[in-house]
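Welcome! Here are a few notes to read alongside the structure, taking one topic at a time.

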Amino acid sequence: MQVPAAAPRKPGAVQHRPPLVFSAQLAHGSATARVEGFSSIRELYAKLGLAFGIAASEILYCTLSTPKLNMESLLGAQIGLEDFIFAHVKGIQKEVTVCKSEDVLGLTITDNGVGYAFIKHIKAGSLMAAVPAVSVGDHIEEINGRSIVGWRHVDVARALRELEKGRPFSLRLVEPQKALGECGPAQRGSRGLLGGRKRPWGGTCRSWPKASPEREGAPPEVDQKAIQKVDYFLELYLGIRDFELATTIFEAGKDKLNPDEFARALDDALGDFAFPDEFVFDVWGALGDAKEGRLH
């Protein structure tokens, strides 16, 4: 995690850095606390746990500037000076059993950076969209009785994808604790409860992944469109959204002359992912479209 840097020190001046203090609440309701002195998500969760008198392991994830389950406002690798932190903590545990009647479940998986994978998106009309007990924001704790706490989101998505078609499977889920009177899961196929409303900008030390190209550190517009397309294919084939992984894939392929060279480069850089051939060819096509200016 990166937090905004203090102003540079003038030569010969005594440096007095005021602490960077952030306001925080529990998303389901609490008094406001102040947290400071953290440089990673794990440290932030520890500070939040101390502030609210709970174990850090009770925190599923945080949103910025909204207590709602808006997946577009998830805390990522950086935080703005004016962002208000809302911590979503463990609520009701539930178990579901589903027959995998289709190849694709329709789930997009992400994680909180400290070992908790959760559901970021449920594709409208998909198999899992028809299971009312499964909601956006649910933490996946077990698959078929096997704990996946500590797994990366890509590994969880792979495990779900590799479940045998035609056979039932079980999930143990933990939903975030809801405020009194708060109703219902997030709408399937939406961009969160707030319809994709963006968080207010408070200034950060670098841009968010989906920031406009004019912000410092963002890739050129053509490259950004290509990376976003790769990210789309990651969700389509692997059930994950991961801008950094999409960027790595883009960098591996942008100077390659043919799909065979690209496939070898992917194997060298990211062989553990075992990308399917269809994914490789679709991404190669997107890279070609980007080079020819056909991505919009």
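1. A word on helix geometry comes before the notes themselves. Axes are lines fitted to C-alpha atoms, for helices over the stretch in contact, and angles run from 0 to 180 degrees between N-to-C directions. Helices (H or I, at least four residues) and strands (E, at least two) are DSSP runs, numbered from the N terminus.

2. Please keep in mind that this is a predicted model, in which local features need pLDDT of at least 70 and side-chain atom pairs count only at pLDDT 80 or more, while totals for chains, interfaces and linings use all residues. Residues are numbered from 1 along each chain as its sequence is written, and side-chain values use heavy atoms, leaving out hydrogens and water.

3. Let us begin with two helices. Helix H3 (residues 221-238) packs against helix H6 (residues 277-291) at an angle of about 165 degrees, and their axes are 9 Å apart. That angle makes H3 roughly antiparallel to H6 (the term applies to angles over 145 degrees). The crossing of H3 and H6 is right-handed, meaning that the near helix is turned clockwise from the far one by less than a right angle.

4. Which residues of H3 and H6 meet? On the H3 side they include Val222, Phe233 and Leu234, and on the H6 side Phe279, Val283 and Ala286 are among them; contact here means heavy atoms within 4.5 Å. By class, the contact of H3 with H6 has 11 nonpolar, no polar and three charged residues. Ala, Val, Leu, Ile, Met, Phe, Trp, Tyr, Cys and Pro count as nonpolar, Asp, Glu, Lys and Arg as charged, and the others, Gly among them, as polar.

5. Next come the charged pairs. The structure holds 11 salt bridges, each a side-chain nitrogen of Lys or Arg within 4 Å of a carboxyl oxygen of Asp or Glu. One of them pairs glutamate 95 with arginine 172, whose closest N and O atoms are 2.9 Å apart. Because glutamate 95 lies in strand S4 (residues 85-99) and arginine 172 in strand S9 (residues 168-176), the pair ties together parts that are 77 residues apart in sequence.

6. Is glutamate 95 buried or exposed? Glutamate 95 is exposed, with a relative accessible area of 52%, whereas arginine 172 is partly exposed at 23%. Buried means under 20% relative accessible area, exposed over 50%, and partly exposed in between (1.4 Å probe, protein chains only).

7. Lysine 256 and aspartate 255 also form a salt bridge, with closest N and O atoms 2.8 Å apart. Elsewhere, salt bridges with shared partners join Lys94, Asp138, Glu175 and Lys178 into one network.

Definitions and conventions: Parallel < 35°, antiparallel > 145°, perpendicular 65-115°, else oblique.
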